[in-house]
Amino acid sequence: MSKPTKPELQKYKQILEKQLSSLKGDVGSMRDEALRASEQDASVDHLADQGTDNYDQGFMLGLIENEEETIKLIEEALDRIKSKGDWDFGACPLCVEENDAQKKPGKDGKKPKAGKPVEIWIPKARLEYLPWARYCVRHQESEERNRESA
């Protein structure tokens, strides 16, 4: 695992831009559909039909929220490719923190034992599959467990 090369960054940028364009179009059409559904609610006569319409609209709004989160992650990844992000594209910020912590002296003022540095680069196979990935697999799993327990 190593830092992505310039040609790889260009490839990831193209993939991300294509995905971003597609998602923005999807979200726009889902919003339009959700708005149409809310306009039709007033014309529904049967209570069961109104409940179904409300469920469908809630489901659609949940999908929109999920897609908007992915859009945000893609935009952040594009910023990292342009070196405008908080860390380098392809690096796991939590692994970077672990490496930095290994270099800092402890509370007792002693330097930590020289351990093997943590690999900071997200595997290329992961970036091929999910180019907007923020974390390596180990830290992604940890983040998801923390989110589930919250």
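Figure 1. Leaving aside its neighbours within four places in sequence, Gln 140 is in contact with Arg 126, Tyr 135 and Arg 147, where contact means heavy atoms within 4.5 Å. Gln 140 belongs to helix 5, and with a relative accessible area of 18% Gln 140 is buried; buried stands for under 20% relative accessible area, exposed for over 50% and partly exposed for values in between, with a 1.4 Å probe and protein chains only. The model is predicted, so that local features need pLDDT of at least 70 and side-chain atom pairs count only at pLDDT 80 or more, while totals for chains, interfaces and linings use all residues. Residues are numbered from 1 along each chain as its sequence is written, and side-chain values use heavy atoms, with hydrogens and water left out.

**Figure 2. The chain as a whole.** The chain has 5 helices and 0 strands, and from the N terminus on its elements run α-α-α-α-α; helices (H or I, at least four residues) and strands (E, at least two) are DSSP runs, numbered from the N terminus. Of the 150 residues in the chain, 28% are buried. Among the contacts in the chain with a separation of 6 or more, 70% are accounted for by residues 24 or more positions apart.

**Figure 3. The largest pocket.** The largest pocket holds about 340 Å³ of space, and of the 16 residues that line this pocket the closest to its centre are Glu 69, Leu 73, Arg 134, Gln 140 and Arg 147. On a 1 Å grid over the protein atoms alone, a pocket is an open set of points where a 1.4 Å probe fits, with protein on both sides within 12 Å along at least five of seven lines, and lining residues have an atom within 4 Å of a point. Grid points are joined across faces, edges and corners, and the volume is the space filled by probe spheres set on the points. Helix 2 (47-81) and helix 5 each supply at least two residues of the lining, and the largest share, 6 residues, comes from helix 2. By class, the lining has 5 nonpolar, 3 polar and 8 charged residues, with Ala, Val, Leu, Ile, Met, Phe, Trp, Tyr, Cys and Pro counted as nonpolar, Asp, Glu, Lys and Arg as charged, and the others, Gly among them, as polar.

**Figure 4. The buried face of helix 3.** In helix 3 (residues 93-103), Pro 93, Cys 95 and Asn 99 are buried. Seen down the axis of helix 3, these buried residues fall within an arc of 160°, so they line one face of the helix; the arc is that of the directions from the helix axis to the C-beta atoms. The buried residues of helix 3 pack against helix 5 (137-149).

Figure 5. The structure holds 0 disulfides, a disulfide being a pair of cysteine sulfur atoms within 2.5 Å. Cys 92 is in no disulfide, and the nearest cysteine sulfur, that of Cys 95, is 3.7 Å away. Cys 95 is likewise in no disulfide, its nearest cysteine sulfur being that of Cys 136, 3.7 Å away. Cys 92 is buried, with a relative accessible area of 0%, and Cys 95 is buried, with a relative accessible area of 2%.

Figure 6. Asp 79 lies in helix 2 and is partly exposed, with a relative accessible area of 33%. Not counting residues up to four places away in sequence, Asp 79 touches Lys 84 and Gly 85, and the C-alpha atoms of Asp 79 and Phe 89, 10 residues apart along the chain, are separated by 8.4 Å. Ser 83 is found in the loop between helix 2 and helix 3, where Ser 83 is exposed, with a relative accessible area of 64%. The phi of Ser 83 is near 60°, a positive value in a residue other than glycine.

**Figure 7. Met 30 and its partners.** Met 30 lies in helix 1 (residues 6-40) and is buried, with a relative accessible area of 14%. Not counting residues up to four places away in sequence, Met 30 touches Met 60, Leu 63, Ile 64 and Glu 67. The C-alpha atoms of Met 30 and Leu 61, 31 residues apart along the chain, are separated by 8.2 Å.
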